[in-house]
Amino acid sequence: MGLTSKDQDTLISLAFSVNNNPRAYAVLLGAGVSIRSGIPGAWDVVKGLITDAAKVSAGGNTPEDPEAWYQASKGKKPTYQGVLAEFAPTAEERQRLLRPHFDPQSNGGRRPTAAHRAIAKLVKNRKVRVILTLNFDKLMEDALNEVGIHPTVIETPSKLGASLSPLHTLDCVVVHLHGDYLSPLAMLNTDDELESYDASLQEFLREILTNYGLIVAGWSAVYDPALKSLIEQHYPGRFTPTWIEPYALSSHATDLVTQLKATRIEGNADEALGFLEDAVVSMAAKGSRHPLAVHVAVATAKRELSREPVSIHLHDTLHSELSLIAALPETTLPEDPGKASDALAAMGGAQNMAMRTAEAARSATALVTCLAYWGDGDKYEKLLLDAISRFSTPLSAHPQPDIGGMSRVAGQSLYYGAGIAAVAAERWDLLLKLLRLETPGKRRRERVERVVDVLAAPGPIGRLKADLYKIVKPLLTETLAIGSESVERTWERFEILRLAHQVLSNPAFSRLAEEVRKLDEPLATAQRARDEARASGEDTYIPQLALSQAWQNSTSALASLRGSVNAEHLHIEVVEDFNENLIYVPEVRRIQADAWTLEALLRAGFATSETDLVVALRAVDVAGHAAAHALLQRSKGQPSFYMDPRWLDERSYAGNLVNSTI
């Protein structure tokens, strides 16, 4: 019937715990897991036995209701334990009776189920170590063998002696709590046999129950009072247990679920364990952490920022998160080029590594964002600036950017979180500090480099740039709590102001800006002449040509001024003005028209004059125009005659750009 959305949410939460606590969970398998392979359950065995007995009693005729026949002839209801004890009084007889159901040579070669194989993959990926099974079959071992795992198998208490290595040193252990079909003296079937376990097995189970979480699948808990009692007495609840059962729980299972406060999955074991394994593998590949980790980090930061003086706990929390990033395999590649290249390939290439690094930086980014938005004071500013500086230079001196620059992926996430928060809070002085932030060069230690330039260098972050918005924006929306649309516009404003500051930092800015201003008057004159011709109904051909030439001259000067400023792959909106046959950045015009923001930026020292700031913004507008052209060239679609607003970090783009000027 498929997993419900509630079941999927529960399994995702469990997957985070399994992924982040490797080998901390034990899996307990009941008969329900093996039934889907075709192996009969306990009741199926009972029905077969009493049907055969009834047939013999009736002279070869099968009665309509063998169960009623048994109850009438024996004076009691048939049970698995009772019927087996009656028809096969000794352990050897019971083993011979049951063996055909489990022996691959006798049962048509039944194979492991999807649930068995999902568990085996979790073992292969070092996420699960301990498997407890109540089943006589060897399907779990078969599934493990399929993936190259040869577990330690305990099918009889005699194997729990001193020769068994400590549990935590074993790669995988499969424990047949009721024995297996090959060990007649170890098989537990009757009420007497299931009343209690061997003392050594009880001690072994106490160790497991005390130290491991539980994932239970396919167990009714009806016929095993010894195991139920041990769980009730010794499971400490360090990990919330999960109970997978598609049908109504027995009263015994309900009692355990209630007592243990277990979470219930109402799907079958194949679906549930398959989903769990897929989720764990995906999280391991991305380096994911539970979303609650970010939520808790944000809540803690906001609470701590309301206190004075500077919170030591917040300081330690941030540094702990940064240390986790610094210890990632992605940021600690070997210095040897050959070994580093091998490690790069083993981890799936630079793009996958960059995505995992960005994922690992989520909590640290949330904390830095909180500091930038709410953390008023020099000490908080120093804390966040130091955090960004730490990841603005390669932790490795390797000459290949993909290998040496992976740490800058985290630096970029931290930088954007702080910068966008500063813009959202209108903390223009902090924004300027971020834009001017410097860090020692890795190769030329006598030099310093601006962090904003280092984070724009080639390498994995270059390919990640187009995905950065999708990765970081949801985090900022949750952290800042100002609404998704506001975060989007604030992000765009940060990008524009960052590029404008880059233009203003050009050593030739004053000279080039003066050349732009000299062309403003001819442009304004040509604009007025064209508009007057339109208004009077005169022929506009000549005025339009003059305007186009003036516009071309001004745009060329602005293109020289923008220099190496590149808006490609940035989350900036561009719009085509069909009437004027040009592309522009609307947010640039909104900033130019916002007198209060311009004045605040000037007070913070962003530019020496409003005219300089406006000219720098116009250069960014031209950079957006050029990026739109570049995006069109990469697009395989046909240009349209009109372009809706587009974002420069889109994968493709089509617009009427043929005659527009750069």
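## A buried threonine

Thr597 counts as buried, because its relative accessibility is 3% and buried means under 20% relative accessible area (exposed is over 50%, partly exposed in between; 1.4 Å probe, protein chains only). Thr597 sits in helix α30, residues 595-604. Helices here are DSSP runs of H or I, at least four residues, numbered from the N terminus. Leaving out residues up to four places away in sequence, Thr597 touches Trp428 and Arg493. Contact means heavy atoms within 4.5 Å.

## About the model

This is a predicted model, where local features need pLDDT of at least 70 and side-chain atom pairs count only at pLDDT 80 or more, while totals for chains, interfaces and linings use all residues. Residues are numbered from 1 along each chain as its sequence is written, and side-chain values use heavy atoms, without hydrogens and water.

The largest nonpolar core holds 104 residues. Such a core is a set of buried Ala, Val, Leu, Ile, Met, Phe, Trp, Tyr and Cys residues joined through side-chain atoms within 4.5 Å. Leu384 and Phe606 have the most contacts inside it. Beyond its neighbours within four places in sequence, Leu384 contacts Val368, Leu371, Ala372, Ala418, Leu430 and Leu434.

## A helix pair

Helix α26 (residues 509-518) and helix α27 (residues 520-536) have axes that come within 4 Å and cross at roughly 25°. That makes α26 roughly parallel to α27, a label for angles under 35 degrees. Val516, Arg517 and Lys518 of α26 meet Asp520, Glu521 and Pro522 of α27.

Note on methods. Helices (H or I, at least four residues) and strands (E, at least two) are DSSP runs, numbered from the N terminus. Axes are lines fitted to C-alpha atoms, for helices over the stretch in contact, and angles run from 0 to 180 degrees between N-to-C directions. Angles under 35 degrees count as roughly parallel, over 145 as roughly antiparallel, 65 to 115 as roughly perpendicular and the rest as oblique.
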